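Grab a pencil and work through a few exercises on the chain shown here. Try each task before you read its solution.

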Amino acid sequence: MRVRLSGFVLTALALAAPCLQASDRPPQDLHQVGDHWTAWNPPQPPPNVKTHVIVKGDTLWDLAKTYYGNPYLWPQIWEKNQYILDAHWIYPGDVLVLGPEVAPVDHLAANETPGGEETPGAVPAGGEEAAPTAPVPGVLTPAAAAGSPVPLGSEGDIYCSGFIAPDDQEFPFSIVGTEYERLGPNLDVGIKSEIQTSYGRVGTIKVDLSTGDIIYVDGGKARGLSPGSVFTVVSREQRVVNPYTKKAIGRFYHYVGRVRVLSVQETTAIAEIIQSCDPVHVGALLQPFEPEPVPLGRPSAMRPANYPTTAEKLRDSPMIVLSQDEVITLGEDHVVYIDRGADKDVTPGDIFTIYRPNREGMPPIVIGELAILSVHKTSSVGKIIQSRYPVYVGDLLDPK
């Protein structure tokens, strides 16, 4: 998608990955940096790093394919260039950092020890390089052993997840109506009363709303809404309790979709559902949409079963307190929620070993591994990436 604004071409990031919708409103505060216009404030790249100057037609998707060999690694470029506040919009002339280059090696470091002796295998004084050391059969080089980072989940795992927060969590707007409430026939014009149910008014011809449906928002110009604004649709769900103590942790707020404001009146707005994970209902809450990159990582072998952590270390450890869709028996690729968040320094990309407490005097059992995809104030979204045995709510976590 290309948008022409004030005569300058902005290149939008056209992602082919599922579930990610292109940003509908380009940044408005363009300013000139050097010889080009941009909405961002690109810093000067550090020396000895690989860079790329964005040109017309570039996308992070294509650049990741060109430089990393895999377009799905585009979040790795975004994470290296955090001056880009919205990954959907990049600007010709801005410089992207792609990765480190090999720093030059001085003659002393390459050829001599500090005492003046020649280092074995170093570059000879005549300037000819020694033959490279042959790889050892069956032994991986450090680069091969590390491998390229891979996405730890998918965008759907993040945008169709949710968070745990207090019961009185506030939201700026909500869905107050839909066109379908007035499309049924009025068979008795003498009846003035309207019966309201938890799913809408009696007579509504469609209750479970989905992509493409038109809804009404309880805010307009008077509350700062403007056309093009995008919001995440949030459904207030069940209360979450500690499975052992039964003490309340908070309430689960589930992401069920996304809406875009089409037009704004003084006190109301008309919007369209542009993405749906589950049915959207009248009464759902709205919060501003914030794009999140899928974290990258290098998953390694699971902690051995014969080398567990201690029971004492797990006494105040993070815990799985909820599963997506309340699935009971969990395994690889299931999304779960833990009772730790940004307040406890959890960050996207963290890896935890999953443990289950054993009987008194026995060591904890290694069950599997979990990667953190999204972090909120007091909770985080995780995805099970390995499992030896079925995982359950109440299993404990230890940072890997």
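What follows is a set of tasks, each with a solution in steps.

Before you start: this is a predicted model, in which local features need pLDDT of at least 70, side-chain atom pairs count only at pLDDT 80 or more, and totals for chains, interfaces and linings use all residues. Residues are numbered from 1 along each chain as its sequence is written, and side-chain values use heavy atoms, with hydrogens and water left out.

**Exercise 1. Helix H1**

Work out which residues of helix H1 are buried, and what they pack against.

Step 1. Buried means under 20% relative accessible area, exposed over 50%, and partly exposed in between, with a 1.4 Å probe and protein chains only.

Step 2. H1 spans residues 60–68, and its buried residues are Leu60, Trp61, Leu63 and Ala64. Those residues sit on the same side of H1 because they cover an arc of only 165° around the axis; the arc is taken from the directions from the helix axis to the C-beta atoms.

Step 3. Why does that spacing work? An α-helix has 3.6 residues a turn, so residues three or four places apart point the same way.

Step 4. On the buried side, H1 packs against E5, helix H2 (74–80), strand E6 (89–90) and strand E7 (95–100). Contact here means heavy atoms within 4.5 Å.

**Exercise 2. Positive phi**

Find where Asn48 and Asp345 lie, and decide whether each is buried, partly exposed or exposed.

Step 1. Keep the background in mind: most residues other than glycine have a negative phi.

Step 2. Asn48 has a positive phi of about 60° although it is not a glycine. Look for Asn48 in the loop between strand E4 (36–38) and strand E5 (49–53). With 43% relative accessibility, Asn48 counts as partly exposed.

Step 3. Asp345 also has a positive phi, near 65°. Its loop runs between strand E20 (335–338) and strand E21 (351–356), and 66% relative accessibility makes Asp345 exposed.

**Exercise 3. Rings**

How many aromatic pairs are there, and how are the rings of Trp40 and Tyr91 arranged?

Step 1. Here's the rule: rings of Phe, Tyr and Trp (its six-membered ring) pair if their centres lie within 6.5 Å; planes under 30 degrees apart count as stacked, over 60 as edge-to-face and the rest as tilted.

Step 2. By that rule the count is eight aromatic pairs. Trp40 and Tyr91 are edge-to-face, at 6.0 Å centre to centre and 80° between the planes.

Step 3. This pair links distant parts of the chain, 51 residues apart: Trp40 is in the loop between E4 and E5, Tyr91 in the loop between E6 and E7. Trp40 is buried at 6% relative accessibility, and Tyr91 is buried at 0%.

Step 4. Phe173 and Phe231 make another edge-to-face pair, 5.6 Å centre to centre with 80° between the planes. Phe173 lies in strand E10 (residues 173–178) and Phe231 in strand E14 (residues 230–241), so this pair ties together parts 58 residues apart in sequence.

Step 5. Finally, ring pairs link Phe163, Phe171, Tyr253 and Tyr255 into a cluster.

Definitions and conventions: Helices (H or I, at least four residues) and strands (E, at least two) are DSSP runs, numbered from the N terminus.
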